[in-house]
Amino acid sequence: MELRVEHLCKAYEGVSVLRDVTFTAGNGVTCIMAPSGTGKTTLLRILLGLEKADSGSVTRCRWSAVFQEDRLLPHLNAMENLRFVLGDQLDEAAANALLERLYLADTGGKNVRDFSGGMKRRLALVRALLAPSDALALDEPFTGLDEENRARCLAVIQEAAQAKPVLLVTHDEEDARLLNATVIRL
Amino acid sequence: MKKATAHNRIRLWAVVVWLLLWQGASMVFARLWPHGHLLLSSPVEALTRLAELSVTVAFWRAVGSSAAHIFGGFLLSCALGVVLAAASACSCAVQELLYPLVAAVKAVPVVSFIILALVWLDASQLSLFISALMVFPPVYLNVLAGIGSADAQLLEMAQVFRVPFSRQLRGIYLPAVLPHFRSAASLALGLCWKAGLAAEVIGLPVGSMGEALYNAKVYYETSDLFAWTAVIVVISLVFEKLFLYLVDWTAGKAVM
């Protein structure tokens, strides 16, 4: 599928955050890069349907996402968090395989509130990858990850990007290079 | 702070000291005035009277009748409070409509409501109405605050992932609301017994605990008064413990 963003504008209290943003993104990774406070997260929020643009249009589709914050249910364990989002659609074998790839298989059933920052980030990525969607939005998904975990996450994102558009918000040029991503600078 | 909390508990030795003081005061009253024992009966007399009362059918009938009315009012109000708090969370108009009512119930003395309700209602229904009225504001306001405290970021996440409302309810709203509801229920259970019995003492429904308290006052039966008061305190505590246990048990099953 192809995502279209056309002439998108957004301002908060008269201060323009997004000015005439236009791009298209097909299957593969598209990196959105810009200095802090220049509307990257606002752009994702508009695409996810959480905010309205002042003008312009975006393709409407089923999204899944890794938010800037982990947004996991702290009183549930890893599998329960996945079941909260996926319900009966949760394929436990596929979930276990992905959890294992991202070193999350052996969490001993402990609740997410007891996870480290890196574990929460990886679980948020697993959730986004397992949820049925047409496109994937990832807002700084590698925050708090060590090199090894970052490499594993890059690999699973690259696999997902073969089947759907992946929009990745990052500060790191290296991420874009490793993912062969199209770069859009706001 | 921890030290202060540790000393803020009921200790057996402290209870014994207060009982001894009560016994001493009652003996002084009896010695100073010819009918001093009528003014302040001793703890032993109160306990003996309680034992005598507890083997009568009238005692259990009064306990059952008052408990059913007061706890019935509590349950009705809890249900109404939860439903209207949910409606208020969905609609500002409902919240604005209910605000003056809640403010009035909080501000107006309970005795005014009791006398007003006596004009409208049969005395037997008075305690149910008054206990429901007193329970409504804390339950409604706390549940509304609990709904408002649900994590907005988690709700956005659920929206993006198209999580059905029933699952949002169990995973996000219930964990947010339950601590608020629990503390409201604990407060309201104490309130409903106090207000409900005050209503019975004024309305005097036949065969109620309120009527028994009133008769104790009329006939200077202070041992009856203490016996009934002890029963009320025990029932109130038992109902609170049971209800909160039920809330925790249900929460354990319902929360995802």
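Chain B has twelve helices and zero strands, where a helix is a DSSP run of H or I with at least four residues, a strand is a run of E with at least two, and numbering starts at the N terminus. Read from that terminus, the elements go α-α-α-α-α-α-α-α-α-α-α-α. Along the principal axes, the C-alpha atoms of chain B fill a box of roughly 80 × 50 × 35 Å.

A note on the source. This is a predicted model, with local features needing pLDDT of at least 70 and side-chain atom pairs counting only at pLDDT 80 or more, while totals for chains, interfaces and linings use all residues. Residues are numbered from 1 along each chain as its sequence is written, chains are lettered from A in the order written, and side-chain values use heavy atoms, without hydrogens or water.

Staying with chain B, which residues form a nonpolar patch on the surface? They are B:V28, B:L32, B:W33, B:L38, B:L39 and B:Y220, with about 590 Å² of accessible area together. Patch residues have over 30% relative accessible area and no salt bridge, and nonpolar side chains (Val, Leu, Ile, Met, Phe, Trp, Tyr) are joined within 5 Å. Areas are Shrake-Rupley with a 1.4 Å probe, only the protein chains shown counting as cover; a salt bridge is a Lys or Arg side-chain nitrogen within 4 Å of an Asp or Glu carboxyl oxygen. Helices α2 (12–32) and α3 (36–39) of chain B each supply at least two patch residues, and B:L32 is found in α2.

Now chain A. The axes of helix α3 (residues 92–101) and helix α5 (residues 147–160) of chain A come within 10 Å and cross at roughly 140°. That makes α3(A) oblique to α5(A).

Key
Axes are lines fitted to C-alpha atoms, for helices over the stretch in contact, and angles run from 0 to 180 degrees between N-to-C directions. Angles under 35 degrees count as roughly parallel, over 145 as roughly antiparallel, 65 to 115 as roughly perpendicular and the rest as oblique. Patches are made of residues with over 30% relative accessible area and no salt bridge: like charges are joined within 9 Å, nonpolar side chains (Val, Leu, Ile, Met, Phe, Trp, Tyr) within 5 Å.
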